[in-house]
Amino acid sequence: MRNNNDILFDFEDDKSTSEDDLLFESEESDGIIYTFQDGEEYLENELPPWKILIVDDEEEVHKITRIVLDDFTFEGRDMSFINAYSAAEAKKLLNEHSDIAIVLLDVVMENEDSGLEVVKYIREELGNKLVQIILRTGQPG
């Protein structure tokens, strides 16, 4: 019996894809195409972008974050941005995208601890210990 965490394919730069992430692989004339759960397809030597979830109730914070990180790459992978403007929206998106790499999370949104509630949801309810969470706030104190 296979475990959902079994490794299906090791990319050349030692990145791995689990059965949960990889739906199927097929050969085309130019090489193998990998299709991921989000519907995106990548060539054998191409890695999908890192998914970055920006959670903030201020549109300007989303804009400036995207401007600063838009051309940034890490380990040969670009960034892909997902936007949430409330804790509830963040929770919904976290349920839909299990492969988010980083959450840039405003602490103070609807409530003074909305961001901390999202952290608790990620770690305790979703049981996600892998996603990196960066807390941000513009509130003094």
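Begin by selecting Trp50, Ile52, Leu69, Phe72, Phe74, Met79, Ala101, Ile102, Leu104, Gln132 and Ile134, the residues that line the second largest pocket. A pocket here is an open set of points on a 1 Å grid over the protein atoms alone, where a 1.4 Å probe fits, with protein on both sides within 12 Å along at least five of seven lines; lining residues have an atom within 4 Å of a point. The model is predicted, so local features need pLDDT of at least 70 and side-chain atom pairs count only at pLDDT 80 or more, while totals for chains, interfaces and linings use all residues. Residues are numbered from 1 along each chain as its sequence is written, and side-chain values use heavy atoms, with hydrogens and water left out.

Colour the lining by element next. Two or more lining residues come from each of β6 (50-55), β8 (100-106) and β9 (132-136), and β8 gives the most, with three. Helices (H or I, at least four residues) and strands (E, at least two) are DSSP runs, numbered from the N terminus. The lining has 10 nonpolar residues, one polar and no charged; Ala, Val, Leu, Ile, Met, Phe, Trp, Tyr, Cys and Pro count as nonpolar, Asp, Glu, Lys and Arg as charged, and the others, Gly among them, as polar.

Now select Leu69, in helix α1 (residues 59-69). Leu69 counts as partly exposed because its relative accessibility is 24%; buried means under 20% relative accessible area, exposed over 50%, and partly exposed in between (1.4 Å probe, protein chains only). Beyond its neighbours within four places in sequence, Leu69 is in contact (heavy atoms within 4.5 Å) with Met79, Phe81 and Leu104.

Move to the largest nonpolar core, which has 15 residues; Leu53, Val55, Leu94, Ile100, Val103 and Val118 have the most contacts inside it. Such a core is a set of buried Ala, Val, Leu, Ile, Met, Phe, Trp, Tyr and Cys residues joined through side-chain atoms within 4.5 Å. At least two of its residues come from each of β6, β7 (79-84), α2 (87-96), β8 and α3 (114-125), and α2 supplies the largest share, four. Apart from this core lies another, of seven residues, including Ile54, Met79, Ala101 and Leu104.

Finish on α2, where Ala87, Ala90, Leu93 and Leu94 are buried. These residues lie on the same side of α2 because they cover an arc of only 125° around the axis, taken from the directions from the helix axis to the C-beta atoms. The buried residues of α2 pack against β6, β7, β8 and α3.
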